[in-house]
Amino acid sequence: MKGSSKASVTFLTVDEEDAGQRLDNFLLKHLKGVPKSHIYRIVRSGEVRVNKGRSDVTYRLLAGDILRLPPVRVAEKPDAAPAVAASHRIDIPIIFEDEAILILNKPAGLAVHGGSGVSFGLIELIRAQRPQAKFLELVHRLDRETSGILMVAKKRSALIVLQDALRDNHRIDKRYLALVKGVWGNPRSHVKFSLLKYNTAEGERRVRVSPEGKISHTVVNRRQVWKDCSLLECELKTGRTHQIRVHLASSDHPILGDEKYGDFALNKLLPRQGLRRMFLHAWRLIVDHPITGKPLELEAPLPPELQSYIDQLERSLGNKPHA
């Protein structure tokens with residue numbers, strides 16, 4: 001990518017490495033720190049031009065395209081030192097790796113990227129551990145409190161294919177395990193609350209059920225039930241922010257340990273019972289390999305701190321599970 005500046009307007013020429021990206025994804029990467037809503041606004045208003053003409057955020061860039069970008073305030077490049085220092089002591093388990101993709105088992109408590117008071121995240125950590133790597137980009141995200149399978153692309157072509165698969169829920173199978181309050185009644189349920197993102201007075205991101213929100217769909221499969229909680233397998237049919245957490249809470253079965261949407265009184269008791277984090281884990285992924293097209297079936301078993309809590313439930317007198 002080559003760039004020049006004229007009277008605070010920036011002109012960029014797309015190179016082969018960036019070709020194939022959607023315009024919005026390219027701008028989100030290039031304009032670090034600029035809110036997604038603002039990027040969409042400057043594209044819709046025509047302030048962003050492709051080859052001197054208006055464009056849509058879904059446009060796929062071609063090598064040689066010339067982009068005109070209006071002046072925008074870009075966040076300062078984050079300090080890499082914290083990630084470099086942590087890279088020697090934090091080991092992220094690898095589930096699968098080849099020349100195109102890296103599939104990791106993210107631990108709970110680690111953000112996927114730095115920002116908003118977080119000095120570094122998983123992607124900065126991986127880049128610090130692999131300084132020779134030319135390309136490492138997150139394919140998708142997991143909440144900081146959620147553990148489990150996370151995809152990182154090692155090639156631009158792989159990133160594009162996998163992100164396209166994520167937009168089409170028939171091409172990817174992502175499943176999570178969640179332990180929720182109460183007894184979930186049906187063996188298999190379809191939860192379809194529409195979800196709307198908003199910010200609290202403190203500036204924190206939240207999601208609520210709203211007819212003005214985006215259509216969202218989670219399939220819930222009941223795995224085990226105890227007298228006061230249920231282990232559920234959740235299939236994501238759409239990929240909205242906090243989707244599983246809000247869908248389950250809005251079904252009157254909040255995830256145990258969820259500090260944003262959970263039962264706050266119950267959450268205070270859980271550490272004394274042995275559960276010290278939110279019980280949500282991305283445990284299974286089926287997706288076609290972005291280069292070969294062959295199916296990949298990957299699993300990440302429950303981490304020890306969650307499995308031990310399940311074991312404790314099964315040992316408890318009068319708390320025997322049933323399907």
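**Close-up views of a predicted model**

View 1. Although Lys52 is not a glycine, its phi is positive, at about 75°.

**View 2. His242, a buried residue with a positive phi.** His242 is likewise not a glycine, and its phi is positive at about 55°. It belongs to the loop between strand 14 (229-236) and helix 6. Is His242 buried or exposed? With a relative accessible area of 5%, His242 is buried, because the cut-off for a buried residue is under 20%.

**View 3. Helix 6 and the residue that follows it.** After the helix comes Asp252, which has a positive phi near 70°.

**View 4. Leu138 and its contacts in the fold.** Leu138 is part of strand 7 (residues 137-138), and it counts as buried because its relative accessibility is 15%. When neighbours within four places in sequence are left aside, the residues in contact with Leu138 are Val112, His113, Leu122, Ile123, Leu150, Met151, Val152, Leu159 and Gln163. One of these contacts, Ile123, stands 15 residues from Leu138 along the chain, and the C-alpha atoms of the two residues are separated by 6.9 Å.

**View 5. The largest cavity and its lining.** A search of the whole structure finds 1 cavity of 30 Å³ or more, and about 50 Å³ of space lies in the largest cavity. Which residues line the largest cavity? The lining is formed by His140, Ile149, Lys174, Arg175, Tyr176, Ala282, Arg284 and Leu285, and by class it divides into 4 nonpolar, 1 polar and 3 charged residues. Strand 9 (172-181) and strand 15 (280-288) each contribute at least two residues to this lining.

View 6. Helix 7 (residues 264-273) gives the largest share of the lining, 4 residues, while domain 2 (80-156) and domain 3 (169-317) each supply at least three residues. Sorted by class, the lining comprises 6 nonpolar, 3 polar and 7 charged residues.

**View 7. The whole protein, for orientation.** The protein has 323 residues, of which 46% count as buried, and it contains 8 helices and 16 strands. Among contacts with a separation of 6 or more, 61% are between residues 24 or more positions apart. The protein exposes about 17000 Å², and carbon and sulfur atoms supply 52% of that area.

Definitions and conventions: Residues numbered from 1 in each chain as written. Predicted model: local features only at pLDDT ≥ 70, side-chain atom pairs only at ≥ 80, totals over all residues. Heavy atoms only, no water. Buried < 20%, exposed > 50% of the residue type's maximum accessible area, 1.4 Å probe, protein only. Contact = heavy atoms within 4.5 Å. Areas by Shrake-Rupley, 256 points an atom, 1.4 Å probe, with all protein chains shown as cover. Nonpolar A, V, L, I, M, F, W, Y, C, P; charged D, E, K, R; others polar. Domains from an automatic or database assignment. 1 Å grid on protein atoms, 1.4 Å probe; cavity = no way out; pocket = protein on both sides within 12 Å on 5 of 7 lines; lining within 4 Å. Points joined across faces, edges and corners; volume = space filled by probe spheres on them.
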